[in-house]
Amino acid sequence: MPVRIELLWSDLLVWLLVAGLVGLALYTRKRPHLSAPWIRVGASASGMAAATVLSFFVLVGLLDSVHYRSALPSPGGKPAWSTELRSLLDRVLDPLRAGREKTYSAPLATHLFAKETVVLPDGREERVFPRLRHGGAHLADPEAGRWPDVATKAFRGLALALLLWFAAAIGVAAMTARSLGTGIEAAWRGIWGGRTPLQWRAVLCALAAVLVIAGPVAALAPYYHVLGTDKVGQDVLYQALKSVRTGLIIGTLATLVTLPFALVLGVMAGYFRGWVDDLVQYLYTTLSSIPGVLLIAAAVLMMQVYVENHPELFPSTEIRADVRLLALCVILGITSWTGLCRLLRGEVLKLRELEYVQAAQAFGVSNWRIMMRHLTPNVMHIVMIALVMDFSGLVLAEAVLSYIGVGVDPSMISFGTMINGARLEMAREPMVWWSLAAAFVFMLALVLAANLFADAVRDAFDPRLAIAGGRA
Amino acid sequence: MTAPLLRVENLSTLVRGGAAPLRAVDGLSFEIAPGETFALVGESGCGKSMTALSIMRLLPDAGEIAGGRVELQGENLLALPESRMRDLRGHRMAMIFQEPGLSLNPVMTVGEQVAESVRRHTALRGAAADARVLELLEAVRMPDARRRAAEYPFQLSGGMKQRVMIAIALACDPALLIADEPTTALDVTVQAQVLDLLRELQQSRGMAMLLITHDLGVVAQVAQRVAVMYAGQIVETAPVPAFFAGPAHPYSRKLFASLPERAGRGRALAAIPGSVPRLDRDFAGCRFAERCDAALPQCAGTLPQWHEAGRDHVVRCHLYGSDERGVMSDERKPEPPTSPDSSLIAHHSSLLEVSGLKVWFPVRKGLLQRTVGQVRAVDGVSLSIAPGRTLGLVGESGCGKTTVGKGLLRLIEPTAGRVMVDGEDFLALRRRDLRLRRRDVQIIFQDPYASLNPRVRIGDALEEGLLALGVGVDARWRQSRIDELLAEVGLPPDVKSRYPHEFSGGQRQRIAIARALAVQPKLIVCDEPTSALDVSVQAQILNLLKRLQGERGLSYLFISHNMAVIEYMADDIAVMYLGRIVERGTVAEVMHGPRHPYTRALLAAVPVADPRHNPRGTIRLAGDLPSPLNPPSGCHFHPRCPAAMPQCREQYPGRNSWSPTQVAWCHLRD
């Protein structure tokens, strides 16, 4: 089937970011002083386990960042394209996305959550729990057959996952053996003794944990709604997976927006001092005194009005939602650079008095060059630490903002909209808990992984710890 | 000899971290008799501070005592529980540290901090405790003790803080005082005060003292017995007079030979090649063998035993084994003179001519940041340097000597004055023109660790000046120039692609020198270039600077607080006090016929590495450097001057020529 790839603005930025990171990694590889802290990250067990979990989220996010329109069967020679913008993730999760129910259903249910009045073949009306259209539809006798069926399918998924894990472990051992120049058996023992330079043991343990959960879920998903469905009958698992991209984009892009402000203004304030410093300080003092939520709400609403007044610029709902997401990233970024800026200013105030900066001044090296070459590289560890620390905070901020209605577009699936949609149903008896629980568990896993990774990065980049280190 | 007060036997201390643990202290044994001052001398990293901390059982977390015995009055300290140890610390043995500013709690008054120790170890409370605090502060000659007791550490000067530390240590009349580099952070005049105080207290109280220092001059003035440490071991123990009359171990001899004051001005200093070995490996033979120029074949393979070298004088060296005795007795061959080639020196005019240089820092206060006062860091300094000559600028810390150096390079903008470099006024140049002229004057800094950017490779750091000043257009030429420069400072060309952290302090200072040389300056401002280095490394750097001057006809403005280094390096000397030059002249004139009382006091305060030298009868300065924000009226020096006259209080003295070259600003004219 012919498809037309379409690049949303956020997709473009995501892939630019990926390209930038790959470029940076290649650049770092050749420079021992840059790669040394990353090697220390690789030696941290918790950091590597977190990175493994995080990489699954990133994979989901990246799959969800390739959008296309599929061709519609058209009578004429002129190709017509579907109005619906789909992503690779949608394609992978097609059974989940297409398997819509009428309304709420519990995880792994075969019947709807609420009773409905149905007309029986004999004309009588009765209030029953109707069968789901997709969940467990293959079962002849859902009452008796459901749990045995779930168990066999889950077990099959688990077996497959373990097989996969074993293959991955063998692959890792072979790779380690090649790079260390030892036998595969020695490499295997080295991995499990935690003696490899990279903590493969932690990676493999985390991989096992992820696969043990993902295997059965993947096996069950085509037949059941593993995490139930929401009010309009959409699969909650699908929603949770789609939310990952939103969270990641907010976390990374908003952080990147903060970076130029914080870096340029912070380094300038610290280096030039005098009126430049006063100006920057007044700027961030003022900015951090404005209630952030108010500023964000105002900016998002202004953006919304602009989008509505210029429909010709934003032809589809997806594009509109995407632009709003970007606007949210930018405004979140603009309101949250002050902390990092203050840190950098302080550090540069200290660094500019160091003698290598003065030696450069004695050579008549220009101010910009001194800032680029002597100051910025020496504050990068702070930037690195701040970036990974801010990421999780911004993911949480998105959820809060969407919950109060000034976050992403309501049509865009995010953790915030999931929680917002589910909050009223908490009062229902019996409770509809799965939407909220799913959002909670996914967010917890994402943010916890990001935080643990940030911790490892912080430890590796902190020069004071690096000096005292080695005895962790 | 009576029973020893402290006996250390086979003490070994490990420091974990890194791949293998460092054996910071390895099989150390010594004894201290009651009332004796025992000095432990060595270069940085030889384990002398670790020894002190091991005895006090105050090691950092990474440190661990691996074996041995430490007996204080017959009691094994290493076997005591921590609670008992706390009773001992401060009571029977006390310690004072190098940095008095870091050893006092900034939010407690000093009286309270002394009282804390009194209350911890004695039954004195209330008024009795207060009286005891006052008595202690008076014992350490704290001026105006009653008022000072109620002040906070930030209100005191460095010397006074160290007095408070000593008062705390003395609170319970300890039998043993451990002093870890007690005067290293202080100025010479204050150092002399504190050393006098320590010596007197020790004599009047019959207290034993373990003095840890790197300064042989301090040892000569204070100690009775001395042990030389090298790479975690004691290599020589001797009574002080015997040690200074004839050090036995080749390492001790080298230490003496690398002292600038012992060498003649024209001779190169004896530098010890290489650096202290890493302590994380096993040693088969003598630890000094690879740097020793008297090494015998067995030195590398067999551990030397203790040999007698005199009465009470033992040395761990194969040279003193039965048959080789006396090998070391012949003197070192005189090195060829390295004084600058006279053909390069043209005395016709001066290269640098500074007149009336002022660097004032405004003190701003209030909402509108109005200037309420001026810190006169440099207040009208005039000096001149001829091509190929060295001017030494001496003074205590805070006198403004570094500001002079930075001011004439315009790293700090001067407030007024003229700096003529080769006939052009540096201060009148606009920024763009200044950038081009910067290649004439370069600077070498004090701290070799801060003077190189850790993220920039050595080659790139050296290239920076060439690029910024547009010297040499193509990259090939620049690279070959960098190789030349590295060769000139004695480093192989492959260091270009390495990062600063791979180098030792001395090597970094060489790189910093190469960086300054890259643009072929005529004048180099050397801002305390060796004060962060050990004596043996200092000797290497001083030799290098001398050689470069001889080869290239460079001029140096050599800023230092170390009189011996200045005497060795400089042709002319200017002495600074509180932002102004108080005396100027040639080296011989100033060193041997000082005219200003401050110069005399400064020279008298320098500890001389010779125990026969009698420090008494010379001038001792009281008090500390006043604040340049509010300098004393009249002559700035009069509050501390032993020869002050009434007119000194009223007007600043005028210029007083003693010879065509020697000038002093003093009312005194005997």
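**Strands, helices and contacts**

Modeller: Let's start with a pair of strands: β15(B) and strand β21 (residues 572-577) of chain B run parallel, joined by 4 bridges. In that pairing, B:Leu391 sits opposite B:Asp572 in β21(B). Keep in mind that this is a predicted model.

Colleague: Which other strand pairs with β15(B), and over how many bridges?

Modeller: That's strand β20 (residues 555-560) of chain B, again in the parallel sense, over 5 bridges. Here B:Leu393 faces B:Ile559 in β20(B).

Colleague: Is strand β15 of chain B mostly covered or mostly open?

Modeller: To answer that, count neighbours: a residue is called buried if 20 or more other C-beta atoms lie within 10 Å of its own. Strand β15 (residues 390-394) of chain B is mostly covered, with 5 of its 5 residues buried. B:Thr390, B:Gly392 and B:Val394 point one way, B:Leu391 and B:Leu393 point the other way, and all are buried.

Colleague: What about a whole sheet? In what order do the strands come in the open sheet of 8 strands?

Modeller: Read across it and you get β6-β7-β8-β3-β9-β10-β12-β11, in chain B, with mixed pairing. At the edges stand β6 (93-96) and β11 (306-310) of chain B; each has a single partner strand, so one side of each has no neighbour in the sheet. On average, neighbouring strands here are turned by 20° against each other, ignoring direction.

Colleague: Which helix packs on that sheet?

Modeller: Helix α7 (residues 158-170) of chain B does, touching β6 and β7 (176-180) of chain B. The direction of α7 makes about 170° with that of β6(B).

Colleague: Can we zoom in on β3 in that sheet?

Modeller: Strand β3 (residues 37-41) of chain B pairs with strand β9 (residues 225-230) of chain B in the parallel sense, over 4 bridges. The bridge partner of B:Val41 in β9(B) is B:Val228. B:Ala39 also lies in strand β3 of chain B.

Colleague: Why does B:Ala39 count as buried?

Modeller: Because B:Ala39 has 25 other C-beta atoms within 10 Å, and the cut-off is 20 or more. Leaving out residues up to four places away in sequence, B:Ala39 touches B:Leu211, B:Thr213, B:Val219, B:Ala223 and B:Val226.

Colleague: How does the open sheet of 4 strands in chain B pair?

Modeller: Its pairing is antiparallel, and the order is β2-β1-β4-β5. The edge strands are β2 (22-32) and β5 (75-76) of chain B, each pairing on one side only. Strand β4 (residues 63-72) of chain B is joined to β5(B) by 2 bridges, and B:Leu72 stands opposite B:Glu75 in β5(B).

Colleague: And how do I describe two helices that pack together?

Modeller: Two packed helices are described by the angle between their axes and the distance between the axes. In chain A, α9(A) and helix α13 (residues 338-351) pack at an angle of about 30°, with their axes 7 Å apart. Their crossing is right-handed. Among the residues making the contact are A:Phe261 and A:Leu265 of α9(A) and A:Leu344 and A:Val348 of α13(A). By class, this contact has 12 nonpolar, 3 polar and 1 charged residues.

Colleague: What's the general idea behind a nonpolar core?

Modeller: In soluble globular proteins, nonpolar side chains tend to be buried together. Here the largest nonpolar core has 318 residues, and A:Phe453, B:Val114, B:Leu176 and B:Val575 touch the most other members. Helix α9 (residues 236-272) of chain A supplies the largest share of this core, 20 residues. Setting aside neighbours within four places in sequence, the contacts of B:Val575 include B:Val394, B:Ile581 and B:Leu602.

Colleague: How many residues does each chain bring to the contact between chain A and chain B?

Modeller: Chain B brings 25 residues and chain A brings 18 residues. On the chain B side, α14(B) gives the largest share, 3 residues. By class, that side has 12 nonpolar, 6 polar and 7 charged residues.

Colleague: Last one: what does chain A look like overall?

Modeller: Chain A has 18 helices and 6 strands, and its C-alpha trace spans about 100 × 65 × 55 Å along its principal axes. Of its 472 residues, 40% count as buried.

Conventions: Residues are numbered from 1 along each chain as its sequence is written. Chains are lettered from A and ligands numbered from 1 in the order in which they are written. This is a predicted model: local features need pLDDT of at least 70, side-chain atom pairs count only at pLDDT 80 or more; totals for chains, interfaces and linings use all residues. Two residues are in contact if their C-beta atoms, placed from the backbone, lie within 7 Å. Ala, Val, Leu, Ile, Met, Phe, Trp, Tyr, Cys and Pro count as nonpolar, Asp, Glu, Lys and Arg as charged, and the others, Gly among them, as polar. Two strands pair if DSSP finds at least two bridges between them. A nonpolar core is a set of buried Ala, Val, Leu, Ile, Met, Phe, Trp, Tyr and Cys residues joined through C-beta atoms within 7 Å. A residue is buried if 20 or more other C-beta atoms lie within 10 Å of its own, exposed if 12 or fewer, and partly exposed in between; C-beta atoms are placed from the backbone. Axes are lines fitted to C-alpha atoms, for helices over the stretch in contact, and angles run from 0 to 180 degrees between N-to-C directions. A crossing is left-handed if the near helix is turned anticlockwise from the far one by less than a right angle, and right-handed if clockwise.
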